[in-house]
Amino acid sequence: MKLLSNSASILTFIIVSFALALILIMKKDSLPSGVKRPLALLALVMIAFSFGLIMYSFFGLS
């Protein structure tokens, strides 16, 4: 079983994580203060995981 055989799912996750980070940056003034930190941490984790997936796909570590 290949762990990362579906490249469309990987690409979708990468696009969604970068879009979330972009939206958070653009709308940072209108977000309530209690939600900013958890959303920022979630976006940071998603971006880090996306970077790992990009490196995994780039170097073809399968």
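Colleague: Is Phe13 buried, partly exposed or exposed?

Modeller: Start with the cut-offs. Buried means under 20% relative accessible area, exposed means over 50%, and partly exposed lies in between (1.4 Å probe, protein chains only). Phe13 has a relative accessible area of 27%, so Phe13 is partly exposed. A caution: this is a predicted model, where local features need pLDDT of at least 70 and side-chain atom pairs count only at pLDDT 80 or more, while totals for chains, interfaces and linings use all residues. Residues are numbered from 1 along each chain as its sequence is written, and side-chain values use heavy atoms, leaving out hydrogens and water.

Colleague: How many aromatic pairs are there?

Modeller: Rings of Phe, Tyr and Trp (its six-membered ring) pair if their centres lie within 6.5 Å. Planes under 30 degrees apart count as stacked, over 60 as edge-to-face, and the rest as tilted. By this rule there are two aromatic pairs. Phe13 and Phe49 form an edge-to-face pair, with 5.6 Å centre to centre and 80 degrees between the planes. Phe13 lies in helix α1 and Phe49 in helix α2, so this pair ties together parts 36 residues apart in sequence. Phe58 and Phe59 also pair: their ring centres are 5.0 Å apart and their planes at 70 degrees, so this pair is edge-to-face. Phe58 is exposed at 62%, and Phe59 is exposed at 53%.

Colleague: What span should helix α1 have?

Modeller: First, the term. Helices (H or I, at least four residues) and strands (E, at least two) are DSSP runs, numbered from the N terminus. The expected span is 1.5 Å times one less than the number of residues. Helix α1 (residues 7-26) has 20 residues and should span 28 Å; its end C-alpha atoms are 28 Å apart, which agrees.

Colleague: Which residues of α1 are buried?

Modeller: They are Ile10, Ile14, Ser17, Ala21 and Leu24. These cover an arc of only 100 degrees around the axis, so they sit on the same side of α1. The arc is taken from the directions from the helix axis to the C-beta atoms. On the other side, Leu11, Ile15, Ile23 and Met26 are exposed.

Colleague: What is Ser17 in contact with, leaving aside its neighbours within four places in sequence?

Modeller: Contact means heavy atoms within 4.5 Å. Ser17 touches Met46, Ile47 and Ser50. Its relative accessibility is 0%, so Ser17 counts as buried. In α2, Ala43, Met46, Ser50 and Leu53 are buried, and the buried residues of α2 pack against α1.
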